[in-house]
Amino acid sequence: MSEIKTTCGLDCPDACGIVVKEGKIEADTSHPTSNGALCALLNKYMLEEPRIKKARINGEEVSLKEALEATKEALNTHAKLLWRGSGNFGVMQEITNLLFEKIDGTTTKGTLCDGSGDAGIVEGREVNRILPPEQIGKAEVVVVWGKNITVTASHLMPYLKEKKIIVIDPVKTTIAKKANLHLQIAPRSDFFMAVMFARFALMGDFEDKEFIEEHAPDHEDYYEFTQEFRIRPILEYIGTDLQEMGHVLEMIKGKKTVFLVGNGVQKYSIGHLTLQAIDSLAVLLGKFGKEGCGVGFLGNSKLNFKNPFAVKTQKVHKVNTPFSNFETVLIQGGNPVASMPDSNRVIEELKKTKTIIYYGLYENETSAMADIVIPAKNFFEKEDVRLSYGHQYVNPMKKVHECDYGISEYDFTNTLLQKFGFDILETEEDYLNLWLDQCTQESDYHLHPAHQEVPYHNGFGEDGEEEFVFPDEFGDDFIKTKQFTRARRKSKKEKVIEDYWLLSPKANKALNTQFKRDNRVILHPNLGFEDGQEVRVFSEHGEHNFVVKNSEDMREDTVVITANSVGVNFLTPSIVSDEGDSACYQEVKVKVEALKN
């Protein structure tokens, strides 16, 4: 029986191993993160999604050769932009950078995902190392902070067995319902939560004195910083109390503890401060550099790699890309019309370009606007290498079957380079080996060059010789922070909720805008809407109609519209985070009103 081992290329941290036997995909039971099962995205929804099989020019089907020639002509202009998504996560996606460097094009900087949180981690630790799942397995307590693990990292669930679990999340998620303790805090209060935890830890002698004296000597200055915030209004804003917070610290005290932090906590302008504050709490408690301890966010998957596709080009922000500044825009593997914030702005900007080229797998809102459409190959139809931001294994992605339509990133780039008269690329195998040769071989797998079995065991920084850096200032233009730092008269008026925090997490049947789409807004039943009722949801940025789903898992001041929902980004702002050049999808409040019959 023929058997090929490969790796899932969908953009999630699990990066599971796959075995293909006579065309049938199965979980690689020996892979460290597959745990004998594959998710529904891979073994169901991806296989059911209709593919783009024919190239198009202005709506008419053409040969791939004709479409590539038209692409060359469209790119033969002074102002051209490459905008890339990451729906399939292999290193070869970035090879198109080499084309744009040669033709003097523009690329993007920043991210729609984790840039703000990464910036905060780097500010504190200097480098953002991946927390190996094995360390989660050695923990006694796991704090799940704004991370819906059953959806975004389901293969971590076995590592949580027989642990004490604390969940900090505005929504009573599936993991929250199974937890020993759930703190259902207000959205966008995670920074304040971490600061208050740190203050109470230092007040109550919960800190690891030996660890912080060696690795974080500025802890006394940080304690003074935490004292700038008034306890009562902060706890009222968060939606917790001293007893609940004390319970958490008692559960953690003397225990091997891992904090698993989700993307949701940093989808704000101050997201970098949130991650730095959560790290600061873990440092004070001595939960770094030891077995069964650490903070797991999205690690830097390219840390210590020499990247052959890193280029020096003109760059514009990915978050609020000025598409109208360019005559030709090549959109690769993404759906910016639906996935970028502020959809109204994106659509108007794209309408002002001369030529939109869409190079991808599936039809979507962006391909519908494109002048030229080029079908791509998926990760079963080409060679690639898969990195992960959730574990330390680097795995080849093997071609498991041929496909008579579509073109790989390598062939796409090579073809266009030749059309422009440039030298051809090195062989595809050379590029793949360049990545793998930087790793350490371990059995059937490769270890990341920055891998540390116990991250930061020698200390912080690249060489373990740096001290941890605490936050030392705070500013926030989105909420009135004076209430937290100055005395104020106590108001006896009951606060009336007129608008709602918007949360936009991932859904379990979709990968952002790929696969199954949704049209629901999830509300607390006390808000007075009926299940199935059509409502208008609007913000200062735009509006869209959704169908109500009531759930007592919600806070009354919060609504959820998942990232796969059609129209959700008509509501979101195109602002860039204070640090990390990241999108701020949740820096918005929305109103909800019933539609008249």
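Asp205 sits in the loop between α8 and α9 (209–215), where helices (H or I, at least four residues) and strands (E, at least two) are DSSP runs numbered from the N terminus. The structure is a predicted model, in which local features need pLDDT of at least 70, side-chain atom pairs count only at pLDDT 80 or more, and totals for chains, interfaces and linings use all residues. Residues are numbered from 1 along each chain as its sequence is written, and side-chain values use heavy atoms, with hydrogens and water left out.

The backbone at Asp205 has a positive phi of about 60 degrees, although Asp205 is not a glycine. Most residues other than glycine have a negative phi. Asn304 likewise is not a glycine and has a positive phi, of about 70 degrees. Asn304 belongs to the loop between β12 (294–296) and β13 (314–317). With a relative accessible area of 37%, Asn304 is partly exposed; buried means under 20%, exposed over 50%, and partly exposed in between (1.4 Å probe, protein chains only).

Turning to helix packing, the axes of α8 (residues 190–203) and α11 (residues 231–238) come within 10 Å and cross at roughly 135 degrees. Axes here are lines fitted to C-alpha atoms, for helices over the stretch in contact, and angles run from 0 to 180 degrees between N-to-C directions. The two helices are therefore oblique to each other, since angles under 35 degrees count as roughly parallel, over 145 as roughly antiparallel, 65 to 115 as roughly perpendicular and the rest as oblique. In contact (heavy atoms within 4.5 Å) are Phe192, Met193, Met196, Arg199 and Phe200 of α8 with Ile231, Ile234, Leu235, Tyr237 and Ile238 of α11.

Rings of Phe, Tyr and Trp (its six-membered ring) pair if their centres lie within 6.5 Å; planes under 30 degrees apart count as stacked, over 60 as edge-to-face and the rest as tilted. Phe192 and Phe474 form an edge-to-face pair, with ring centres 5.4 Å apart and planes at 75 degrees. Because Phe192 lies in α8 and Phe474 in the loop between β20 (445–447) and α18 (482–485), this pair ties together parts that are 282 residues apart in sequence. Phe192 is buried, at a relative accessible area of 1%. Tyr456 and Phe460 make a tilted pair, with centres 5.4 Å apart and planes at 40 degrees. Tyr456 is buried at 4% relative accessible area, and Phe460 is buried at 1%. One aromatic cluster includes Phe192, Tyr237, Tyr456, Phe460 and Phe474 among its members.
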